[in-house]
Amino acid sequence: MASLSLGRYVPYRSPVHFLDPRTKLFCLVLLIVTVFLGYANYSTTFLMAGVSLVLVLAFFLMTRMRFTALLKSLKSLWFMLIFLLLIYAIMPRSDNLDWVAFFIGNYPIYWASILDALKILVRLMLMIALSLILTASTKPLDLTAGFEWYLSPIRWLGVNTAAWSMVLSLALRFIPTILVDVERIMKAQSSRGVDFQRGKLSVRARALVSLIVPLVVSSLMRSDELADAMEGRGYDPRAKRTRYRKLAFHWGDLIAVLLVGAFFGMCVAMSVLSFDPFLEWFQVAVR
Amino acid sequence: MSLAIKAEHISFSYAKDGPRTLDDVSFEIKEGEYVALIGHNGSGKSTLARILAGLISELDPNASLTVFGMEYDKEHSAEIHSKIGLVFQNPDNQFVGATVRDDIAFGLENRAIDPSLMDAIILESAASVGMEEYLDQAPENLSGGQKQRVALAGVLALRPSLLILDEATSMLDPKGKREILALVRKMRKENPSLTVLSITHDVEEAVESDRVLVLAGGKLILEGKGEEVFSHRELLEENHLESPFVHELSLALREEGVDVEPTLSEEGLLEELCR
């Protein structure tokens with residue numbers, strides 16, 4: 001189950017860990033938007049992607065996450081890259097038509113297609129890395145408290161946001177428990193001769209059913225008992241509750257928001273103004 | 001001494017016109033008493049626990065249930081709830097918080113207790129079950145016995161007057177079981193007015209109780225002191241229940257002509273033998 005440890009909280013005392021979850025969520029949204037901005041040309045796009053990458057790596061070092069964890073999560077993107085390359089290669093283009101990388105038979109593959117595919121891939125990688133940093137540096141409970149804070153405006157529409165955030169935190173709480181169930185049921189079914197690894201697709205699908213049905217049943221039983229236990233301990237979603245964990249906004253949060261906000265502003269300005277640093281600053285014309 | 005629970009004519013069936021899970025059960029539990037409710041699987045004991053805890057409220061019209069002198073109605077149910085602590089069977093399914101600390105805090109949050117007071121209460125109740133070093137641990141890093149101790153701490157933090165243990169030790173290994181029982185003993189020593197209702201199919205757990213109730217097929221078939229109840233061996237056997245080991249041993253010794261009174265506790269048997 002080691003591969004499923006992805007996205008888990010990594011206890012450590014780093015500046016990123018100390019930030020308020022609301023700050024981190026806000027910064028994450030800004031940074032993801034930044035990553036997906038379009039720029040004047042490829043060189044600027046990749047320059048900005050490089051800058052973002054440096055930022056992400058800095059966060060990574062700060063939070064003491066293992067790079068292997070990141071690489072593992074990015075491994076599945078290979079398929080994505082091939083898929084994107086295919087799409088872009090097949091799609092007819094109207095721009096950069098003189099810039100052919102190579103021919104397959106008579107069919108030209110443009111550099112622009114390859115670069116576009118790479119661009120999307122880099123964006124996805126950055127987005128995944130950013131999300132991983134958030135979940136690694138924030139306790140699930142704090143994260144749900146942060147979500148709840150952002151959802152609080154819709155409380156005025158009669159939505160019980162506290163109950164929704166309880167649902168979310170219970171879901172997070174039970175992921176490890178249910179993973180243990182998955183392992184246990186798989187072992188039990190394997191010992192009865194079910195093979196989850198080999199066989200034709202139809203055979204494997206049937207094997208999967210033998211996992212899913214008991215899993216759903218046991219999860220429903222768990223939730224039933226959990227509901228009793230929660231009610232027995234006085235939980236009433238409509239009643240007034242206090243909060244043990246309080247979110248607190250510190251100076252560090254303000255600095256983080258300002259820094260990320262400034263970076264975001266700079267990138268948006270560059271994007272909107274189609275600013276090309278290579279032309280303006282480096283005095284070179286590269287395409 | 002006042003009554004903790006007074007239950008009269010409790011009947012219940014899950015399906016309308018279905019078989020009765022509980023059939024006209026009446027009993028009383030005094031304040032400060034330790035009562036064991038034993039019964040085989042499907043005897044209705046967990047249903048009874050859920051009724052006593054107010055988790056099932058649709059009772060038969062003839063039934064009457066008062067807890068600490070209060071009827072279970074809209075007016076009192078919140079107050080009754082605040083007096084009852086429940087520990088269930090499965091350690092995983094009652095662990096609500098992401099860490100031990102958060103789990104103990106869960107009950108306090110529900111009672112709208114001032115968060116600035118919570119840390120002290122959490123530390124105190126964790127210490128009383130010996131879990132103070134695990135406060136920031138997640139449930140997946142704890143053993144079943146440890147999780148059950150956290151459940152007890154969560155209950156303790158709310159200072160209940162009635163503790164209901166619904167098969168609280170049945171999923172634990174012998175060591176975990178002993179630890180939980182020792183903790184309950186300690187809790188009663190520190191607070192003699194604490195009423196404990198232990199619901200179990202393990203007759204050995206009944207040894208420590210002041211009184212034993214036996215439930216079979218939804219009916220209360222036996223009630224009384226442990227020695228008395230376990231002397232009805234045939235009736236118990238009919239209902240798939242055994243006597244505790246020490247009791248069996250004392251009876252077997254009597255049959256062999258040794259002059260001992262039937263007893264439930266090891267110490268009691270030793271005294272009888274040394275007499």
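## Two helices of chain A

In this predicted model, helix H2 (residues 21-35) of chain A and helix H6 (residues 111-137) of chain A have axes that come within 10 Å and cross at roughly 175 degrees. An angle over 145 degrees counts as roughly antiparallel, and H2(A) and H6(A) are therefore roughly antiparallel to each other. On the side of H2(A), the residues that take part are A:Lys24, A:Leu25, A:Leu28, A:Leu31, A:Ile32 and A:Val35, and these meet A:Arg123, A:Leu126, A:Met127, A:Leu130, A:Ser131, A:Leu134 and A:Ser137 in H6(A).

Chain A is divided into domain 1, which takes in 2-138 + 247-280, and domain 2, which takes in 161-232. Taken over C-alpha atoms, the centres of domain 1 of chain A and domain 2 of chain A are separated by 34 Å.

A:Ile109 belongs to strand E2 (residues 107-110) of chain A, and with a relative accessible area of 8% A:Ile109 is buried, since the cut-off for that term is under 20%. When its neighbours within four places in sequence are left aside, A:Ile109 is in contact with A:Ala89, A:Val100, A:Ala101, A:Phe102, A:Ile104 and A:Ile114. A:Ile133, by contrast, stands 24 residues from A:Ile109 in sequence and 36 Å from A:Ile109 in space, C-alpha to C-alpha.

## The six-stranded sheet of chain B

In chain B, six strands form an open sheet in the order E6-E7-E8-E3-E9-E10, and the pairing is mixed. Strand E6 (84-87) and strand E10 (219-224) of chain B stand at the edges, and because each has a single partner strand, one side of each is left without a neighbour in the sheet. On average, and with direction ignored, neighbouring strands of this sheet are turned by 15 degrees against each other.

Several of the pairings can be followed from strand to strand. Four bridges join E6(B) to E7(B), and these two strands run parallel; here B:Gly85 stands opposite B:Leu163 in E7(B). E7(B) is in turn joined to E8(B) by five bridges, again with the strands running parallel, and B:Asp166 has B:Ile199 in E8(B) as its bridge partner. Strand E3 (residues 34-38) of chain B is parallel to strand E8 (residues 195-200) of chain B, with five bridges between them, and B:Tyr34 stands opposite B:Val196 in E8(B).

Helix H5 (residues 144-156) of chain B lies across E6 and strand E7 (162-166) of chain B, and runs at about 170 degrees to E6(B).

## Two helices of chain B

Two packed helices are described by the angle between their axes and the distance between the axes. For H9(B) and helix H10 (residues 266-274) of chain B, the axes come within 9 Å and cross at roughly 20 degrees. Angles under 35 degrees count as roughly parallel, and H9(B) and H10(B) are therefore roughly parallel to each other, with a crossing that is left-handed. The contact is made by B:Val246, B:Leu249, B:Ser250 and B:Leu253 on H9(B), together with B:Glu266, B:Leu269 and B:Leu273 on H10(B).

## Loop residues of chain B

Most residues other than glycine have a negative phi, and most peptide bonds are trans. B:Ala112, although it is not a glycine, has a positive phi of about 55 degrees; B:Ala112 lies in the loop between helix H3 (100-110) and helix H4 (115-128) of chain B and, at 34% relative accessibility, counts as partly exposed. B:His240 likewise has a positive phi, near 60 degrees, and is found in the loop between helix H8 (233-238) and helix H9 (245-255) of chain B. At 57% relative accessibility, B:His240 counts as exposed.

Another loop residue, B:Thr21, lies between strand E1 (3-12) and strand E2 (22-30) of chain B, and B:Thr21 counts as buried at 19% relative accessibility. Apart from its neighbours within four places in sequence, B:Thr21 is in contact with B:Phe12, B:Ser13, B:Tyr14, B:Ser43, B:Gly44, B:Thr47 and B:Gly218.

Technical notes. Residues numbered from 1 in each chain as written. Chains lettered and ligands numbered in written order. Predicted model: local features only at pLDDT ≥ 70, side-chain atom pairs only at ≥ 80, totals over all residues. Heavy atoms only, no water. Buried < 20%, exposed > 50% of the residue type's maximum accessible area, 1.4 Å probe, protein only. Pairing = 2+ DSSP bridges. Axes fitted to C-alpha atoms, helices over the stretch in contact; angles between N-to-C directions. Contact = heavy atoms within 4.5 Å. Domains from an automatic or database assignment. Parallel < 35°, antiparallel > 145°, perpendicular 65-115°, else oblique. Left-handed = near helix turned anticlockwise from the far one by under 90°.
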